[in-house]
Amino acid sequence: MTAATTPARTDDRDFLAIPDFSAPELLALFDLAERMRTGAYNKKPLAGQTLAMIFMKASTRTRVSFEVAAKNLSADVVNIAAASSSVAKGESLIDTVKTVEALGAQMLVMRHSSSGAPYLA
């Protein structure tokens, strides 16, 4: 199969590390990204989906670039900053993730100072 004929992922595996993907899957993702960049892909793949962004480490550029990208894909975005969340009063990361999931978020983007935090989530 070539990158052009390899379907995009449709399973529910987490995207935490490049080695989690096969070479054909990565080529398909790069092909899709290029079609999106050039305007050759005009679907709204995340329409009706809620993306929760949990930033436990401040970063304006990263947060804004992720939010703009998600909105360009038609996702509904919810931003959670550690300073203004229940984490500030001692709630655990796991409890925060469970709450976000219970409220209907289908996807999670996280920035955290601990490299293992996404695996924990």
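Predicted model: local features only at pLDDT ≥ 70, side-chain atom pairs only at ≥ 80, totals over all residues.
Residues are numbered from 1 along each chain as its sequence is written, and side-chain values use heavy atoms, with hydrogens and water left out.

**The overall plan**

The chain has 4 helices and 3 strands. Here helices (H or I, at least four residues) and strands (E, at least two) are DSSP runs, numbered from the N terminus. Starting at the N terminus, the order of elements is α-β-α-β-α-β-α. Of the 121 residues, 24% count as buried; buried means under 20% relative accessible area, exposed over 50%, and partly exposed in between, with a 1.4 Å probe and protein chains only.

Which residues of helix 1 are buried? They are Glu 25, Leu 26, Ala 28 and Leu 32. These cover an arc of only 160 degrees around the axis, which puts them on the same side of helix 1. The arc is that of the directions from the helix axis to the C-beta atoms.

In helix 3, the buried residues are Leu 93, Thr 96, Val 97 and Val 100. Seen down the axis, they fall within an arc of 95 degrees, so they line one face of helix 3. They pack against strand 1 (50-55), strand 2 (76-81), strand 3 (107-111) and helix 4 (117-120).

|---|---|---|

**The nonpolar cores**

In soluble globular proteins, nonpolar side chains tend to be buried together. A nonpolar core is a set of buried Ala, Val, Leu, Ile, Met, Phe, Trp, Tyr and Cys residues joined through side-chain atoms within 4.5 Å. The largest one in this chain has 11 residues, among them Ala 52, Ile 80, Leu 93 and Met 110. Helix 3 gives the largest share of this core, 3 residues.

Leaving aside residues up to four places away in sequence, Met 110 touches Ile 54, Leu 93, Val 97, Ala 117, Pro 118 and Ala 121, where contact means heavy atoms within 4.5 Å. A second, separate core of 7 residues includes Leu 46, Met 53, Ala 75 and Val 109.
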